[in-house]
Amino acid sequence: WPIVFWLIVFWLIARGVRVSAPRFDYSLQVPSASELGRVHFIAIGGAGMSAVARLMLAAGVPVSGSDAKDSDALHALRDAGATVFIGQRPEQVEGADTVVVSSAIAESNPELVAARKAGLRVLHRSQGIVALRGDRSVVAVAGANGKTTTTSMLVVALRAAGMDPAFASGAEIPQEGTNAALGSGRHLVVEADESDGSFVVYHPDTAIVTNVQPDHLDFHGDLAGVEAAYRAFVDSMTPGGLLVACADDPGARALAGYARETSRRVLTYGESEDADLVVQERQERDAGATARLVVDGVAHELVLAVPGAHNVENAAGAFGALTAGCGLSEAQALAGLAAFTGAARRFESHGEHGGVRVVDDYAHNAPKVTAAVRTGVELARRRGGRLVAVFQPHLYSRTRDFAERFAEALAPAGEVVILDIYGARESPLEGVSSDLIADPLRAAGRTIHRPANDDEAVDLVRGLAATGDVVMTIGAGDVTRLAPRIAEALDGNDGDHSDHPGGSS
């Protein structure tokens, strides 16, 4: 049968039909953590994988893992009791009973090949989290944008209310000092990743869907594929579970309609007047924002320590889940959200340097970049300056598919610096480069700066930025390492740069 299967696959590919061979059985009944034996993580240092490893260690599960290079995350895992290898070799899975991987790990990985050959249990990263669920109530946050911040808001608010949730987030929550903790409370809060369809494994009691938009088309194929995946996510919810969906996003609004046709409860939120939870009178102030949240005709004052319309919307979704799903009072939810100071790499401040505010943001798809740039422009306007945006495109396929939308997202910035594409798991594609984003902006008369390397980028930004400006590094790759270097370089500025160098265009 394997020969027949692959013959069919090759025939479909030849006919132009997109084929995604199944690698993981998301319908698998996942054993409890105590039944997994020794668990080995391939690429244990990644944000998502390290979170699951930390949870396993906290639950007393023996953990080993490997990664391509050492990192702070690996040091922390070693300190927590994990056996960590640098480099990936087949013999490192010997003695393991279960192997955990993410979709980014190729089937040709030597450790995964050895695990398959030995007949070991192989779980997707998300299934590793499910193994730790126990009798907890799961709160899952999904959506193309806002997942990490909304997940972090939920965790901080629950902790502020005296609860101790277990959680797994896609980035460190600075107030918690980690991206995952086992907790002793009755809730498990997870960032549910739609990129590979794995979010169907969580079977949440409460789910937030911030938006349903075209992304990860290398897996889903097109928007119809994305929408089908989210319907499967709703179908995976517990009967009678609560879906909290953004009414301002057409995809999430349609998903809410679908959920109403099932046995799920639905609460919509947003600025739309027909939302169940209406956001009104949103205002930016200092480094935060305020708004009124109106539910059943009763207004509640929301105060946030993080800026941006997108964060007000994230907080509204979190408020709905906390009150209607987790049992917090409105006052508890509002106090908890007010205590939230941000998630790592989500409009994360690197301070004031030479009269310039430096910010780093993980935005990597077009809507996220749009929101980040809009927030940066508004902050710079209030400071009497401009936004200097330093953008690193993430993935060749995403750049190819959304180049014009990235150009539109970056256009409001006062200065635009575009780095080369960060390929991550992808190999270069012929004809695909950052110039696909730069060219539409050039055609509109903009000067676009294209530094050749990190050193040139730092020098360029130092020359461009002046007192009152905001410099924002944007992207999911290694652009984040530029933020502290830029901050250090700006400390030597005198703030007077009336004659800015043009840089490479």
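1. A quick definition to begin: two strands count as paired if DSSP finds at least two bridges between them, strands being DSSP runs of E with at least two residues and helices runs of H or I with at least four, numbered from the N terminus. On that basis, Val417 stands opposite His449 in β20. Two bridges join β19 (residues 415-418) to β20, and these strands run parallel.

2. Please keep in mind that this is a predicted model, where local features need pLDDT of at least 70 and side-chain atom pairs count only at pLDDT 80 or more, while totals for chains, interfaces and linings use all residues. Residues are numbered from 1 along each chain as its sequence is written, and side-chain values use heavy atoms, without hydrogens and water.

3. The sheet around that pair is open and mixed, with six strands in the order β16-β17-β21-β18-β19-β20. β16 (348-353) and β20 (448-449) stand at its edges with a single partner strand each, so one side of each has no neighbour in the sheet.

4. On to the salt bridges (a side-chain nitrogen of Lys or Arg within 4 Å of a carboxyl oxygen of Asp or Glu): the count comes to 26. Glu194 pairs with Lys147, the closest N and O atoms being 3.2 Å apart. Glu194 lies in the loop between β9 (187-191) and β10 (206-209) and Lys147 in helix α6 (residues 147-160), so the pair ties together parts 47 residues apart in sequence.

5. Asp455 and Arg485 also form a salt bridge, at 2.6 Å from N to O. Asp455 belongs to helix α15 and Arg485 to helix α16 (residues 482-490), so this pair links parts 30 residues apart in sequence.
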